Amino acid sequence: MRIEELKPSQRVKGRWLAVLEDGSILRVGEGEVIDFALCSGKELTEDEAARLTAAAHRSDLKNKALDLLTRKPQSRWELERKLGEWGAGEEETESICARMEELGFLNDGSYARQVVCHYAAKGYGVRKLRDELYRRGVPRDLWDQALAAAEAPADAIDAFLRKKLAGRQPDRVELKKLSDALARRGYGWEDIRSAIGRLGIYPDE
C-alpha cells in the first residue's frame, strides 16, 4: 500500500492526512508520522498498513475523547459508554480513559461536584441530585463529598416559596401545588413541611 500524499490537516492542529493509493484517507497524529516514518511515496507492507490503521483508529478515538471532554465534562462511565459507541475495544477504552485522567480532563470527583452545584443552583433537592449522579454513572463513594457542597435544603425551599408567593397567603389548593412542585424537585416532605412552618403559611380554609 503506497502513501500518495501526506499533508497536515487544515482543521485539526497536530493531525495529518495520509492519502493512500486506493483513495482512502488515514487521519494520523504526529506520533504516528514519527513512529512509522511516514512520508509521501512511502510503500507500506501489509503488516505496516494494518498497524498504522489500528494506530490511526486509536489516535482518532483519543482526539474524539479530548474534544468531547473539553466541550462537555463527563464521568468516566459516560466516556466509556461513548467510546464503546465509537467502536473502541475494552483495552482501548481503558487506555484512553486512564490517559484522560492523567491529563486532568477526566475526574469523577470534580465532575460530581459540578453536577451537584449545577442542579442545586437551579433549586433542586438532594433526591434529584442523587438521581443525577446515579444517571451519570458517578461512583457512589464520591456522592457524599459532592453533596456536601449543595445549598442547605431549608434555604433553597424558603427562596422557592417566597418567589412563588410574593408575600401573599396561599389557599390549600395552591399550597398543595407548591408542595408537589418541591417534591418533584427532589425535596423531602419533612423539609417541605418545615419550610411552610418557618414562613408562617396558614392556608385559607
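**Order of elements.** I read the elements from the N terminus on: β-β-β-α-α-α-α-α-α-α-α-α-α. That gives three strands and ten helices. Both are DSSP runs, numbered from the N terminus: helices are H or I with at least four residues, strands are E with at least two.

**Ground rules.** This is a predicted model, where local features need pLDDT of at least 70, side-chain atom pairs count only at pLDDT 80 or more, and totals for chains, interfaces and linings use all residues. Residues are numbered from 1 along each chain as its sequence is written, and side-chain values use heavy atoms, with hydrogens and water left out.

**Burial.** I found 37% of the 205 residues buried. Buried means under 20% relative accessible area, exposed over 50%, partly exposed in between (1.4 Å probe, protein chains only).

**Ser59.** I located Ser59 in helix α2, residues 46-71. Ser59 counts as buried because its relative accessibility is 11%. Which residues does Ser59 contact, leaving aside its neighbours within four places in sequence? I noted Val28, Gly29 and Glu32. Contact means heavy atoms within 4.5 Å.

**Ile192.** I moved on to helix α10, residues 189-198, which holds Ile192. Its relative accessible area is 1%, so Ile192 is buried. Beyond neighbours within four places in sequence, its contacts include Ile157 and Tyr187. I also checked Asp35, 157 residues away along the chain: the two C-alpha atoms are 63 Å apart.

**Salt bridges.** I counted 17 in the structure. Each is a side-chain nitrogen of Lys or Arg within 4 Å of a carboxyl oxygen of Asp or Glu.

- Asp47 and Arg51 form one, at 3.0 Å from N to O. Both lie in helix α2, four residues apart, about one turn of the helix.
- Glu43 pairs with Arg2, with the closest N and O atoms 3.8 Å apart. This pair links distant parts of the chain, 41 residues apart.
- Arg76 pairs with Glu101, with the closest N and O atoms 2.8 Å apart. Arg76 is in helix α3 and Glu101 in helix α4, so the pair ties together parts 25 residues apart in sequence. Shared partners join Arg76, Glu80, Glu94 and Glu101 into one network of salt bridges.
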